[in-house]
Amino acid sequence: MSSFFALLAFVVFMVGTPGPANLVVMIVGARYGVRRSFGFIAGLIAGKAFLNLFIGFGFGLILAKAPFWQMIFSYISAAYMIFLAIKSWPKEGAGILSLVQKKPNFGFLSGLVVHPLNPKAWVMSVVAWAEFAPAIGDFWIQLTVVVMTFAVCQAIMHSLWCWAGAISARIFNASQQMLKGSIIATVGIVLLVTVTNNSRLNN
C-alpha cells in the first residue's frame with residue numbers, strides 16, 4: 001500500500017504543477033468555460049492513458065535510446081503546444097466572457113495528442129513505470145494502477161486548472177490582457193522547456 005501512495009504523491013505533484021498541458025487547459029477554460037472544455041480534458045486523459053500503455057509495454061525504450069529523434073520529437077511537441085496556445089488568441093474588441101459563449105474549437109481530438117507530444121508527460125510516465133510501478137505487483141496490476149492513477153489525478157487537476165482559467169476570465173472580463181498574458185506565458189514556457197531539454201540531450 002505504501003508503494004501505491006508513493007506513486008500517488010508523485011502523480012499528484014507532477015500532474016498538478018504548471019506545465020504546457022495545464023497552461024493550455026487553463027487558457028481553454030478562460031476562453032470557453034469549464035463545461036465546454038470537458039471534451040478537451042477527456043482527450044488529455046485518453047492521450048495520457050495511451051502514452052502510459054505505450055511505455056508500459058516497453059515501446060518507449062526505443063525513443064529513450066535515440067537522442068536525435070527525441071530532439072525532433074521535442075520540436076514537434078513545441079510547435080503543437082504553441083499552435084494550441086495561439087489558436088486561443090482573442091480578437092480585438094471582444095470581451096473574454098463573450099468568447100465563453102462561443103462553440104469551442106478545442107475538442108477531444110485536440111486534447112488527445114497533447115500528452116503523447118508533451119516531453120513532460122513522457123518523463124513522468126517513464127519515472128512512474130521505472131521507480132514506482134515495480135513495487136506495486138505483477139505487470140497487469142502495475143498497468144491498471146498506473147493508468148488509473150494518472151487518469152483520476154488528471155480528471156481532478158486538469159479540471160481545477162480549467163476552472164481557474166474560467167474564474168480568471170470572469171474576474172478580468174473588462175480586459176483581454178489576462179488571456180493574452182497566459183498565452184504569451186505558455187509559449188515562453190514551451191520554448192524554455194524545449195531549449196533546456198535539447199541542451200541536455202546534446203551534452
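**Serine 37 and its surroundings in a predicted model**

Good morning. I begin with serine 37, which touches Val28, Gly29, Tyr32 and Cys162, leaving aside residues up to four places away in sequence; contact here means heavy atoms within 4.5 Å. This is a predicted model, in which local features need pLDDT of at least 70 and side-chain atom pairs count only at pLDDT 80 or more, while totals for chains, interfaces and linings use all residues. Residues are numbered from 1 along each chain as its sequence is written, and side-chain values use heavy atoms, without hydrogens and water.

Serine 37 sits in the loop between α2 and α3 (38–56); helices are DSSP runs of H or I, at least four residues, numbered from the N terminus. Serine 37 is buried, at a relative accessible area of 0%, where buried means under 20% with a 1.4 Å probe, protein chains only. A polar atom of its side chain lies 2.6 Å from the backbone oxygen of glycine 33. That glycine, just after α2, has a positive phi of about 85°.

Turning to α2 itself: of its 13 residues, 13 are buried, so the helix is largely enclosed by the rest of the structure.

Next, a helix pair. The axes of α8 (residues 119–132) and α9 (residues 139–171) come within 11 Å and cross at roughly 145°; axes are lines fitted to C-alpha atoms over the stretch in contact, with angles from 0 to 180 degrees between N-to-C directions. Met124, Ala128 and Trp129 of α8 meet Phe139, Gln142, Leu143, Val146 and Phe150 of α9.

Finally, confidence: the average pLDDT, the predictor's confidence in each residue from 0 to 100, is 80 for the protein.

Definitions and conventions:
Buried means under 20% relative accessible area, exposed over 50%, partly exposed in between (1.4 Å probe, protein chains only). Helices (H or I, at least four residues) and strands (E, at least two) are DSSP runs, numbered from the N terminus. A polar contact is a pair of N or O atoms within 3.5 Å; within protein, one must be able to donate a hydrogen and the other to accept it, and residues adjacent in sequence count only if both atoms are side-chain atoms.
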